[in-house]
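Thanks for coming, everyone. Let me put the model up on the screen, and then I'll walk you through a few spots in it.

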Amino acid sequence: MNYLLGIDAGGTFIDYLLVNDAGGHTSYKSLARPDLSDYGIIAGLAEMADYMGQDLNRLLAEVGLVVHGTTVATNAVLTRNGSATALLTTEGLIDLLEMRQGVRDDLYNNHCESPPPLVERWFRLPVRERIDYQGNVLRPLDQAFLRQLLHLLARTEVESVAVVLAHSYVNPLHEMQVAALLNEELPQVHVSLSHRVLPRVHMYRRVSTTVLDAYVAPILERYLQGLQEKLQSSGFKGDLLIMQSNGGTVTVDKALELPVMSLLSGPAAGPGMVRCLGQEIESADAVIMDMGGTSFDVSLLRGGNPGMTDGSMVAGLYYGLPVIDIHTIGAGGGSIARVDSGGLLHVGPESAGAKPGPACYGLGGRDATCTDADLTLGLINPEYFLGGRLKLNTQAARQAIYENVALPLHTDIDTAALGIYKMVNTEMASGIKEITLEKGLDPREMTMVVGGGAGALHAAYVARELGIGRLLISRESSVMCAVGMLCCNYRRDYYRHSYCLIADMQWQTMQNTYENLWSEAKSQAPNVRGLNLTHKSVFMRYYGQHHEIAVEITEFDMLDSSVLSRLFHNQHYNLYGYDLSEHDTMIEIIGLSIVVQGEPRQASCMECITGNCGRPVLKGSRRACLEEAGFFMEIPVYDGDDMSIGSNLAGPALVEQRHSTIVVPSGFALFCEGRCFVMKQL
């Protein structure tokens with residue numbers, strides 16, 4: 001038997017999906033252990049093996065591939081527990097980290113405060129050198145002065161160094177010379193070079209991204225290498241791939257070449273699961289929501305393709321690499337409810353995490369959380385949480401809600417719990433509005449794909465507020481990202497700075513650049529099966545604009561300046577609602593990029609969530625309070641794991657699965673279609 005294993009390490013739970021070559025599968029969830037070097041993954045795998053009645057070493061010996069998404073890099077940034085990092089940058093530019101892009105992030109907020117830089121000012125050192133925007137050396141690198149700085153740096157406990165010199169994206173000569181001196185003087189430190197991390201214009205974006213890369217590199221290296229060793233010592237002999245924030249997977253060695261791409265690596269797998277849901281969603285527009293224990297992540301699928309962005313933010317810090325466009329808010333099952341001094345209820349962004357966790361877990365948590373509210377409202381079966389492996393304490397949940405919410409609001413426990421439930425639903429709907437309505441997209445025309453252990457408990461009410469009439473809930477929605485990881489393939493993005501006015505465009509020069517990028521990509525992935533160049537893009541802007549946009553080109557052989565201009569005008573209009581095509585405004589070409597991908601692993605994952613189950617089973621009923629009712633009543637409870645293809649239910653109803661519960665409100669109906677449940681508004 002040859003297994004594939006997806007592991008998604010979140011802030012509260014670690015999700016596992018084990019798929020065999022016959023299409024059978026086993027899913028499992030274990031509590032995360034941030035206090036352990038491997039986050040509790042090996043202990044969770046041992047629990048999973050015991051659950052399956054197998055020995056861990058024998059089980060792992062039959063696993064040929066592990067795909068892993070990790071929050072280690074993200075948590076290092078969020079908690080500011082990354083490596084001690086220094087920055088070497090061109091003299092006169094050491095304050096760029098604090099100057100940022102020169103304007104407030106929230107333009108109309110006079111009280112807006114940017115997060116402090118990851119590198120303290122005394123660790124930002126000036127490098128005497130200068131290269132201009134054309135790559136000409138105006139001032140050679142002062143190596144003697146640099147050695148003096150490095151001797152001072154050697155006396156500190158610095159673990160990592162970011163090197164960001166002006167215009168190195170055109171000519172990296174000085175950055176390579178600095179790297180050589182660093183290897184001589186501080187051979188033990190990690191070095192991140194901006195021309196390798198982000199070889200693009202916009203100095204702040206380049207310095208911020210390179211500093212993030214350096215900041216997380218030593219921690220990620222210790223984690224991944226340690227995990228790899230522990231897996232191997234436990235019997236694993238296969239390949240370990242790491243999920244990247246661009247939706248692709250790479251080997252451990254490749255992940256450590258660009259550690260910053262492991263930020264948000266877990267949620268980036270969400271869109272990959274859509275490949276498992278069948279042809280009906282492959283070319284559709286969809287909202288993908290993932291409500292886990294710590295956060296709520298939402299992304300879009302446009303025409304069957306995940307939305308991508310050339311830049312994102314983590315804890316207010318910018319990184320400018322191509323990533324899945326994911327919007328994250330602190331609205332998970334462990335999000336803490338509190339009442340402020342003005343008597344207003346808030347839920348999140350703080351989370352109880354895995355330890356101490358929600359009060360109902362009985363692990364020492366005293367705060368009221370969203371999960372405590374779900375339990376108090378009767379939406380969760382306290383005897384069947386995680387399939388009965390974790391018994392929930394209803395009294396502890398009620399006591400936490402009473403002390404932290406009901407008492408300050410002068411109301412009863414049930415009303416307070418319903419308030420928490422409604423609040424978190426509203427916050428999730430608002431998060432989806434930010435990436436749909438605020439960008440001119442109508443969510444009513446989309447399907448909602450539901451994921452995360454808490455997603456199905458809340459999804460119907462979020463969809464109702466947005467006017468979304470159709471929801472897809474996979475049979476393994478609670479481990480959505482672990483499923484998605486097994487459907488994702490190798491992906492790398494390559495960029496080359498190439499400046500000219502579009503009127504001066506030389507077709508052959510562009511062709512040569514693309515061929516060089518493709519050759520570089522092939523040389524770096526000699527063992528990737530089915531490697532293919534899937535996208536070519538040209539980065540352009542109107543003359544005088546600060547930001548450029550990427551224009552994908554498909555008919556390259558027919559390309560000339562007039563065709564490329566038309567494509568740019570159309571893209572600019574689609575993004576911003578206007579273009580300057582009638583004003584003869586000059587257009588600049590800034591750079592060229594390609595995307596290369598390997599053959600996707602789709603067939604096994606398609607099979608792993610298909611197939612007939614037995615007849616639907618009515619397990620009974622329990623008193624529960626649904627949002628539209630506002631009071632407790634008897635609600636029928638069905639066994640979702642035993643629902644057969646063609647079965648359907650009308651709300652109100654609760655459909656229990658081993659790792660999640662689907663709330664079907666009044667006015668909704670649930671249909672079982674094998675691979676997933678389909679919920680529709682009537």
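Predicted model: local features only at pLDDT ≥ 70, side-chain atom pairs only at ≥ 80, totals over all residues.

When I say two strands pair, I mean DSSP finds at least two bridges between them; strands (E, at least two residues) and helices (H or I, at least four) are DSSP runs, numbered from the N terminus.

Residues are numbered from 1 along each chain as its sequence is written, and side-chain values use heavy atoms, with hydrogens and water left out.

Back to β30 (residues 632-639): eight bridges pair it with β29 (residues 617-625) in the antiparallel sense. One of the partners to look for is F632 in β30, bridged to C625. The two strands make a hairpin with six residues between them, and G630 in that turn has a positive phi of about 80°.

Now the inside. Which residues touch the most other members of the largest nonpolar core? They are L379, I401, M448, I662 and M679, in a core of 76 residues. Helix α13 (residues 413-435) gives the largest share, 11 residues. A core here is a set of buried Ala, Val, Leu, Ile, Met, Phe, Trp, Tyr and Cys residues joined through side-chain atoms within 4.5 Å. Buried is under 20% relative accessible area, exposed is over 50%, and partly exposed is in between (1.4 Å probe, protein chains only). There's also a second, separate core of 62 residues, with M48, Y542, F568 and V596 among them.

Next, I553, in strand β27 (residues 549-553). Is I553 buried or exposed? I553 counts as buried, because its relative accessibility is 5%. Beyond its neighbours within four places in sequence, I553 is in contact (heavy atoms within 4.5 Å) with Y514, K536, V538, L559, L564 and L567.

Last stop, Y578, in the loop between α17 (561-576) and β28 (587-597). Y578 has 41% relative accessibility, so it counts as partly exposed.

That's the tour; questions welcome.
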